[in-house]
Amino acid sequence: MTTDDASVEPRVLLLGPVEVELGDRRVPGGPPLQQAVLACLALSPGRVWSADQLVDAVWGDEPPERPAASLHTYVWSLRRVLGAERLTRSAAGYALELSADGCDAVVARAAGPAAARAVAEGDPERAVRLLAEALASWRGPALAGAGGAGAEAQRHELDQLRTSLAEQLAGLLLRLGRPWEAADALRPLVRENPLREETGELYVAALAANGRRGEALSELRRIEEALRSDLGVRPGPGLGRLARQLSEPAAHVTAARAVPRQLPAPPHGFGGRTAEVRRVAEALRGRPAGSAAAGRLVTVCGAGGLGKSALALHVAHRLTEHFPDGQLHATFHTYDPTSETRTVADVLPGLLAGLGVGRDQQPADQHERSDLYRTLLADRRVLLVLDDVPDAETVRALLPAAPGSAVLVTSRRSLPGLVAREGAVELVLQPLVPAAGVELLQQLLGERPDWSVESAEQLARLCGGWPLGLRLAASLVLRSTASWTLPDAVAQLVDERTRLQLLSVPDDPLADVRAVLDWSVEALSERAALGYCLLGLLPGSAATAPTLAAALEVGTEAASGVLTELAGHHLADPVHDLVHLHAHHLAQQLPLADRHAALDRVLGYHERTLTAAVWRTYGEVASADGPVPAEAPADDPFDDDAAAADWLRAQESTLHDLIGVAAAADRPGAHRLVVALRPHVTYTYGREAWLHAVELGRSSAQRAGNRWAESELVYLLAPIAVARFRYDEAVELERTATQLRYGEAWRAHRGRIGIRLCEARRYDEAVVELTAAIADDRTSDEVRLRSLANLATAQLALDQKTEALQTVEQAVQLLEQVEASLPPFVAGARRFHLAVHLRRLGELARARALHWRNEDEMRRYRSDEDAWTALELAVIAEGLGDPRAADVHLAHAAEQSLDFLEAAEDELEKLPDVDAPVRPHLAELRRRRDARRRA
């Protein structure tokens with residue numbers, strides 16, 4: 001029950017179960033008396049409570065034997081949730097600091113006066129919103145679960161507040177000519193407080209103003225009888241005046257009207273949609289939180305099987321009392337192959353019949369039927385549920401013209417036109433998160449001896465959070481002739497090859513995940529249907545227009561159109577797990593040659609784009625075909641270097657997944673992609689995360705017989721081994737890669753092996769190998785430069801400082817000669833390495849000058865290397881007696897990512913004791929970073 005992030009602003013919820021809201025999660029308030037302590041503090045934020053005052057407020061006349069100890073325990077637990085900086089303790093006592101909206105009850109208290117000011121300023125609609133939002137904050141009885149005498153008094157106060165706000169809102173709505181909403185606001189309070197005359201008077205007035213004289217008279221007689229029998233008093237003047245008005249003859253007599261009850265049965269075992277239910281219900285009641293729309297029209301969209309119809313029926317049944325003139329229902333069977341698709345003309349007769357007009361009494365003309373339908377709804381408050389509609393025009397044809405009714409629509413297609421023109425509230429259903437999936441499974445399975453949250457979560461994930469999938473998975477357990485347990489169902493569904501087959505009921509296409517998704521695919525254009533299948537060959541994260549363009553062999557604009565069509569049917573953006581599995585199964589029906597060709601095109605596109613991004617970011621490229629010149633590739637889609645770097649960061653996960661897909665299909669793109677990634681993996685921290693991908697690429701290169709690509713990837717495994725602190729393994733990998741690439745001539749290229757020996761702290765061996773490589777004419781300038789830098793490292797570790805200084809000076813001289821031919825990133829890295837050596841040797845001014853040669857890179861302070869540079873400059877400035885400059889450099893370094901600090905600590909483990917001066921600066925850097933996060 002602790003908060004992991006001090007930056008999350010807590011919100012205390014008292015208008016229902018006592019909870020603390022921390023971002024997107026809620027933490028229970030704890031034991032009953034701890035809830036009472038929290039309520040006292042939250043209801044008066046900023047007030048300092050002495051221990052005695054809190055004890056009196058919570059326990060009243062019956063404190064425990066050791067009240068101070070109990071209070072301390074409760075406050076200690078609350079501080080763990082709220083943060084010690086918010087729940088403070090001083091000599092004077094305790095105080096809770098909250099933001100302006102940090103307690104729902106405090107906000108609700110302020111709503112009444114704020115609404116009164118809004119009315120005085122001529123803005124009654126704002127007053128209505130303030131009061132409606134405040135009343136919507138109640139999630140049940142206030143302080144539910146809180147104990148103690150003080151909590152009981154506060155509960156009564158908050159109940160009175162709720163009643164007062166509802167009466168204020170109802171009076172305002174009556175003045176605005178919206179009596180049906182006034183009745184809605186008062187109905188639950190009349191039941192809870194049958195003897196409160198003020199509430200009853202407003203409720204009777206609202207019913208009368210809404211034209212429901214019979215109900216108003218009945219309610220009036222009930223109130224009068226309750227006051228006489230229970231309290232022995234006569235009704236007040238307000239109720240008397242209403243009685244006289246209602247006893248007067250009506251201006252006209254309205255014939256008895258049919259009250260339609262067309263809703264199908266509510267869904268069995270509904271669960272996991274608490275937030276969605278609340279949002280739809282609030283919108284249908286005409287007061288969606290934070291919405292300026294009139295509400296009353298709600299569209300629920302999403303892919304097939306996500307539970308749109310179940311949600312609509314669940315909410316509709318809950319709201320029957322809010323629509324006393326009945327509930328109408330029509331389904332269009334747009335995606336149901338077992339029934340004919342229906343039109344407005346098909347459903348109107350049934351709706352009119354529900355409104356009391358027999359089919360033989362209905363006009364034959366379609367337009368006349370529509371006019372009669374709207375006339376009958378003009379003064380009624382009904383809820384109309386339109387299920388599985390094909391388009392927005394269908395909905396528009398059935399919208400009631402009067403404001404008293406509400407319409408709830410479900411569709412697999414998005415209906416943005418209804419949002420734009422009719423002000424609809426749109427809810428796009430997503431798969432259930434694991435916790436919500438567990439809740440649904442509990443509803444479906446009930447109490448079971450084999451129940452476990454762990455198994456239920458696994459089942460929810462295997463079903464992709466799809467409610468239809470979860471219902472079918474539950475049915476596997478309930479109907480299995482083999483007496484399956486919950487773990488048995490998990491074990492059966494793990495296999496992706498048979499999962500969709502298991503998630504079906506024989507001979508019932510409405511209870512078959514594949515069939516439900518098949519109907520959506522059948523509604524697509526031919527190109528979009530093919531695009532959907534091809535997305536099944538790729539990772540879900542690869543569903544982008546350029547990727548799909550490559551797969552389909554079309555332009556990017558055409559591919560964007562396909563994605564838009566898929567998204568309109570909720571089959572993309574994002575591609576959910578169960579949808580992706582369905583697309584994958586459809587893709588297997590394509591000819592193998594076509595599947596391989598499409599995958600190869602996608603891999604080729606990513607290889608070309610990756611090569612361009614790596615060139616822009618690191619100034620070098622790598623190819624599975626052999627050595628390539630260090631020059632810009634011809635195919636470069638990026639506008640600038642920043643866009644390339646952003647693409648690299650954003651696509652890392654997709655590239656991981658694509659390599660896995662290519663390896664599983666035995667396509668050469670597996671090793672080609674990893675080779676193209678080599679500079680990126682080499683020069684970034686966290687390179688060990690690429691281990692599996694590199695091993696897949698190596699196996700792919702071996703199967704293809706591509707020794708060059710294999711050597712590239714074995715070379716890449718060496719720095720990954722270093723990142724995993726497996727230095728001896730890195731030495732052997734470097735040796736293997738060199739032998740692979742150069743065969744019997746490998747000894748002429750052993751400088752890289754010497755570098756790995758140095759990293760392994762096998763300094764004597766490193767000196768031998770590096771000295772030989774530096775003297776060998778066949779060693780390239782780049783490897784000779786690295787060898788000199790690492791030779792200096794070995795010499796420093798062996799306390800050969802004179803030799804080390806000579807080696808560094810030789811390296812600096814070589815760098816000046818060859819830096820123009822090196823990629824800028826590589827030249828900067830070598831310059832940095834040599835500057836560190838000079839600092840270690842006490843050549844501080846020369847070290848600083850070398851760092852300043854990297855001025856262009858330093859000015860950005862963007863990469864981890866830049867942060868290291870800033871840290872080094874801080875150490876140098878301190879050594880030169882310039883603490884102000886050191887502070888500036890540390891401030892720059894503190895702006896870098898936390899990954900840098902963690903990597904820096906790992907790096908220090910590999911550095912010799914001569915780098916002790918860096919450690920205190922790194923500690924200061926972490927302190928600053930933590931302080932910045934807390935702020």
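The model I am reading is predicted.

I then looked up where Leu143 sits. Leu143 belongs to the loop that links α5 (124-136) and α6 (149-175). I noted its backbone too: Leu143 is not a glycine, yet its phi is positive, about 55°.

Next I turned to His333. This residue also has a positive phi of about 55° and is not a glycine. I found His333 in the loop between β7 (327-331) and α13 (344-354).

My last entry concerns two helices, α35 (residues 781-797) and α36 (residues 801-818). I looked up how their axes run: they come within 8 Å and cross at roughly 160°. An angle over 145 degrees counts as roughly antiparallel, so α35 is roughly antiparallel to α36. I recorded the crossing of α35 and α36 as left-handed.

Which residues of α35 meet α36? From α35 I listed Asp781, Arg784, Leu785, Leu788, Leu791, Ala792, Gln795 and Leu796. On the α36 side I wrote down Lys801, Glu803, Ala804, Thr807, Val808, Gln810, Ala811, Leu814, Leu815 and Val818. Sorted by kind, the residues of this contact are eleven nonpolar, three polar and four charged.

Terms used:
Residues are numbered from 1 along each chain as its sequence is written. This is a predicted model: local features need pLDDT of at least 70, side-chain atom pairs count only at pLDDT 80 or more; totals for chains, interfaces and linings use all residues. Side-chain values use heavy atoms; hydrogens and water are left out. Axes are lines fitted to C-alpha atoms, for helices over the stretch in contact, and angles run from 0 to 180 degrees between N-to-C directions. Helices (H or I, at least four residues) and strands (E, at least two) are DSSP runs, numbered from the N terminus. Angles under 35 degrees count as roughly parallel, over 145 as roughly antiparallel, 65 to 115 as roughly perpendicular and the rest as oblique. A crossing is left-handed if the near helix is turned anticlockwise from the far one by less than a right angle, and right-handed if clockwise. Contact means heavy atoms within 4.5 Å. Ala, Val, Leu, Ile, Met, Phe, Trp, Tyr, Cys and Pro count as nonpolar, Asp, Glu, Lys and Arg as charged, and the others, Gly among them, as polar.
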